[in-house]
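Trainee: Could you take me closely through one part of this structure, the places where charged side chains come together, and then show me what surrounds them?

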Amino acid sequence: MDRNEPRKSWVHPSWDLPDCATTPEAYYLRRREFLRVFGLGLAASALLPPGIRAESPGLNDSLHPSYKLDGVKLTPEDLITSYNNFYEWGLAKDQPKELANHGWKTRPWSVEIGGLCVNPRKLDVDELIQLLGPIEHRNYRHRCVEAWSMVMPWDGFALAKLVELAQPTPDAKYVKFTSFLDPANCSGQRSNEFSWPYTEGLTMEEAHNELALIAVGLYGKPLRNQNGAPLRLVVPWKYGFKSAKSLAKIDFVTEQPRTLWNQLAPNEYGFYANVNPNVDHPRWSQKSERVIGASFFAGKQPTLMFNGYEKQVAHLYAGMDLRKNF
Ligand code: MTE
């Protein structure tokens with residue numbers, strides 16, 4: 001099936017953004033290359049939904065009307081991979097690309113799944129990918145708490161699948177995500193400006209939401225180091241800092257996890273961190289955002305409640321005071 005055609009076998013999910021006009025040539029992904037790098041081989045390719053992403057160019061010209069969503073454009077790949085927040089590798093946006101690619105190895109890589117669950121395990125990332133495949137392709141809006149945004153074409157699998165694999169016990173109320181800790185090879189982690197490793201958390205209900213994703217690729221290629229290789233969380237209705245990169249550990253816990261940003265500045269970075277144009281950051285407005293890659297003259301665009309995913313997630317916070325639980 002071509003992505004331009006309506007999907008016949010399943011209902012088109014309402015959160016799915018189309019592949020749009022600015023799609024760079026790299027997007028016409030080399031699926032085989034992707035599979036080869038992941039070492040999945042032919043057996044795994046049989047598991048993949050065929051051609052969810054079109055391999056032919058001129059995608060938007062023939063885009064089926066049901067996938068059209070005016071005004072949404074994918075951020076070019078070179079910007080997504082060069083304008084990064086990954087404080088383990090420096091505070092400037094261009095540092096992660098430079099510093100995370102000087103001999104830092106993100107394969108082999110083991111991931112530990114533990115805490116309150118029936119099936120704790122430690123396994124290699126490629127084994128995990130095989131267990132949780134097929135890999136899905138999802139175009140998501142990305143809104144950083146710093147008031148800039150992108151639209152990113154992720155490859156990955158629903159976090160809910162990983163939860164299912166682990167089988168959390170009824171006592172598990174939250175999922176804690178822990179990024180790698182490797183001060184010997186990561187210069188930033190040798191400073192104690194932050195309390196490494198980077199940690200984040202979601203409620204169990206949030207982890208089950210269909211939008212919560214474990215990404216292993218971007219633009220049809222394995223994740224680059226600067227984007228959180230070999231696997232990271234993606235929670236598109238929350239500010240980008242919730243989407244912890246380069247995960248080493250995923251734990252099911254009873255208490256709300258302490259998270260890096262929340263610990264550092266609790267008055268600025270709440271646990272929930274839902275994108276909300278009505279609650280400003282204490283130091284700047286969250287009403288609008290600068291679109292990375294857009295013309296300077298385009299100005300800022302309004303920020304949407306839950307980053308545009310209100311329909312899919314608002315029910316998770318019904319009755320909650322979003323000013324207090326920011
Ligand atoms: N994960 C780790 N481990 N370290 C970080 O510094 N930065 C967060 C998030 N995940 C960060 C992280 C922030 S602030 C954002 S906006 C996104 O990653 C940026 O992801 P990107 O560089 O792929 O756009």
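Mentor: Glu-206 and Lys-238 join their side chains in a salt bridge, with N and O 2.7 Å apart, the term standing for a side-chain nitrogen of Lys or Arg within 4 Å of a carboxyl oxygen of Asp or Glu. Because Glu-206 belongs to helix α7 (residues 204–208) and Lys-238 to the loop between β9 and β10, this pair ties together parts that are 32 residues apart in sequence. Helices (H or I, at least four residues) and strands (E, at least two) are DSSP runs, numbered from the N terminus. Both Glu-206 and Lys-238 are buried, a word for under 20% relative accessible area, with exposed meaning over 50% and partly exposed what lies in between (1.4 Å probe, protein chains only).

Before going on, please keep in mind that this is a predicted model, in which local features need pLDDT of at least 70 and side-chain atom pairs count only at pLDDT 80 or more, while totals for chains, interfaces and linings use all residues. Residues are numbered from 1 along each chain as its sequence is written, and side-chain values use heavy atoms, leaving out hydrogens and water.

Lys-242 and Glu-200 are both buried. The charged end of Lys-242 also sits over the ring of Phe-271, 4.1 Å from its centre, where the rule asks for NZ of Lys or CZ of Arg within 6 Å of the ring centre and within 35 degrees of the ring normal.

With a relative accessible area of 5%, Ser-149 is itself buried. Elsewhere, Glu-77, Lys-221 and Arg-224 are linked in a network of salt bridges.

Turning to the rings, a search of the whole structure finds 21 aromatic pairs. Phe-194 and Trp-196 have ring centres 5.2 Å apart and planes at 50 degrees, so this pair is tilted, whereas Phe-306 and Tyr-317, with centres 5.4 Å apart and planes at 20 degrees, are stacked. Phe-306 is in the loop between β12 (301–302) and α9 (310–313), and Tyr-317 is in the segment after α9, 11 residues apart. For such pairs the rings of Phe, Tyr and Trp (its six-membered ring) must have centres within 6.5 Å, and planes under 30 degrees apart count as stacked, over 60 as edge-to-face and the rest as tilted. Phe-306 is buried at 3% relative accessibility, and Tyr-317 is buried at 4%. Phe-194 and Trp-196 are buried too, and they belong to one aromatic cluster together with Tyr-87, Phe-241, Trp-261 and Tyr-269.
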